[in-house]
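Subject: Structure for your review, with notes

Dear colleague,

I am handing over the structure below, followed by an account of what was found in it. Please read the notes beside the coordinates.

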Amino acid sequence: MAPALLAVPNVSEGRDAARIDVLAEAFAAGVELLDRHSDAVHNRTVFTLAGGAEELTRALARGAAAAVESIDMEAHEGVHPAIGALDVCPLVWPSPAERDAAREAAPALAAAIGALGVPVFLYGELASGPDRVERAYFRNGGLPELWLRMEAGELRPDYGPELPHRTAGATLVTARGPLGAFNVELDSDDLDLARAVAAGLRESGGGLPGVRAIGLPLAGGRAQVSTNVHDPLAVPLGAVVERVRELAAPLGAHPVEAELIGLIPAAALAGYPDDVPIRGFDPARQTVEVRLAALP
């Protein structure tokens with residue numbers, strides 16, 4: 001039978017291949033490693049795992065311990081916002097039938113990470129208040145600002161100590177359905193332009209529902225609109241590209257290439273435009289249904 005749940009731990013290391021190998025081994029012990037994506041500019045690696053709720057919780061706790069041991073946030077540099085060695089760790093239900101299992105496993109995972117001396121904040125559907133739903137609430141200002149807010153008593157964790165871990169920072173945990181971690185690259189290196197496109201694209205700016213977006217700088221004459229599409233079945237990736245196109249064109253830029261981080265439901269690719277290829281995309285390797293069906 002297919003494993004009940006997925007998990008998508010994001011660690012703040014995307015450059016040291018040997019260190020990433022150690023982390024992959026820790027996270028994958030006893031479960032299936034479906035995907036591994038590292039980015040040196042973001043300085044971030046995203047693992048996609050599959051397994052039963054108990055097995056995943058144990059594997060994620062082992063991976064969290066390895067991240068705490070090997071990643072020093074005081075030395076971390078990267079364009080992606082981050083507050084922890086294990087920055088974010090969602091448990092994912094592949095279909096609505098597994099939703100309750102993911103929601104029940106997430107607090108146990110948060111407690112296990114908290115026991116490592118790392119404060120854990122629940123976000124999304126598990127947030128303890130409406131202001132804590134978005135990851136940006138915790139990440140704004142980065143880890144230094146998080147330290148100040150926690151020292152002042154303004155922000156208390158759901159699990160773990162009252163202050164960030166000295167080197168590993170803090171971790172965000174939730175339970176959610178599959179989302180699309182999807183980046184669109186522009187034929188411009190203008191960061192302000194990418195940020196303007198991101199502002200118009202995201203839901204909070206009147207853009208597409210369930211879309212979170214930021215503009216980031218890349219090398220090679222490009223800027224990136226980095227997105228999370230919270231419901232890629234309702235808002236497929238092609239719709240994201242077309243909205244980026246509409247927003248960028250008046251500013252003199254165009255989407256030229258895209259990047260998918262991890263796996264995506266097959267239906268999220270319906271109507272995807274041919275002129276903005278997803279770099280290195282392989283449907284046999286990066287669609288949820290195909291990968292789960294292939295597991296023993």
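How many of the seven residues of strand 8 (residues 180-186) are buried? Seven of the seven are, so strand 8 is largely enclosed by the rest of the structure; here buried means a relative accessible area under 20%, exposed means over 50%, and partly exposed lies in between, with a 1.4 Å probe and protein chains only. Strands (E, at least two residues) and helices (H or I, at least four) are DSSP runs, numbered from the N terminus.

Before the details, two remarks on the source. This is a predicted model, in which local features need pLDDT of at least 70 and side-chain atom pairs count only at pLDDT 80 or more, while totals for chains, interfaces and linings use all residues. Residues are numbered from 1 along each chain as its sequence is written, and side-chain values use heavy atoms, with hydrogens and water left out.

The chain as a whole

The protein chain has nine helices and 11 strands. Its radius of gyration is 18 Å, close to the 19 Å that the globule rule gives for 296 residues, so the chain is as compact as a globular protein of that length; the radius is taken over C-alpha atoms, and the rule is 2.2 Å times the number of residues to the power 0.38. Along the principal axes, the C-alpha atoms fill a box of roughly 50 × 50 × 40 Å.

Of the 296 residues, 54% count as buried. The accessible surface, computed by the Shrake-Rupley method with a 1.4 Å probe and, for residues, with only the protein chains shown counting as cover, comes to about 12,200 Å², of which 54% belongs to carbon and sulfur atoms. Among contacts (heavy atoms within 4.5 Å) with a separation of 6 or more, 71% are between residues 24 or more positions apart.

There are 24 positive and 40 negative side chains, and the centres of the two sets lie 2 Å apart. In this count Lys and Arg are positive and Asp and Glu negative, with His and the chain ends not counted, and each charge is placed at NZ of Lys, CZ of Arg, CG of Asp or CD of Glu.

Strand 8 and its partners

In a regular strand the side chains alternate between the two faces of the sheet. In strand 8, G180, F182, V184 and L186 point one way and A181, N183 and E185 the other way, and all are buried. Strand 8 pairs with strand 10 (residues 223-229) in the antiparallel sense over six bridges, where pairing requires that DSSP finds at least two bridges between the strands; in this pair E185 stands opposite Q224. Strand 8 also pairs with strand 11 (residues 255-261), again antiparallel and over six bridges, and there the bridge partner of A181 is I261.

Strand 4 and its partners

Strand 4 (residues 44-51) is mostly covered, with eight of its eight residues buried. R44, V46, T48 and A50 point one way, whereas T45, F47, L49 and G51 point the other way. Strand 1 (residues 5-7) is joined to strand 4 by three bridges in an antiparallel arrangement, with L5 opposite G51. Strand 2 (residues 10-11) also runs antiparallel to strand 4, through two bridges, and V11 has T45 as its bridge partner. Strand 3 (residues 32-39) pairs with strand 4 in the antiparallel sense over seven bridges, and R36 is partnered there by F47.

The hairpin of strand 3 and strand 4 has four residues between the strands, and in it N43 takes a positive phi near 55 degrees. Most residues other than glycine have a negative phi. N43 counts as buried, at 7% relative accessibility.

Individual residues

V173, in strand 7 (residues 171-176), is buried at 0% relative accessibility. Leaving aside residues up to four places away in sequence, V173 touches C89, A106, L109, A110, I113, V120, F121, L122 and Y123.

A4 lies in the segment before strand 1 and is partly exposed, at 32% relative accessibility. With the sequence neighbours up to four places away again left out, A4 touches G51, G52, P94 and E98. A4 and G207 are 203 residues apart in sequence and 33 Å apart in space, C-alpha to C-alpha.

D21, found in helix 1 (residues 17-28), is partly exposed with a relative accessible area of 39%.

With best regards
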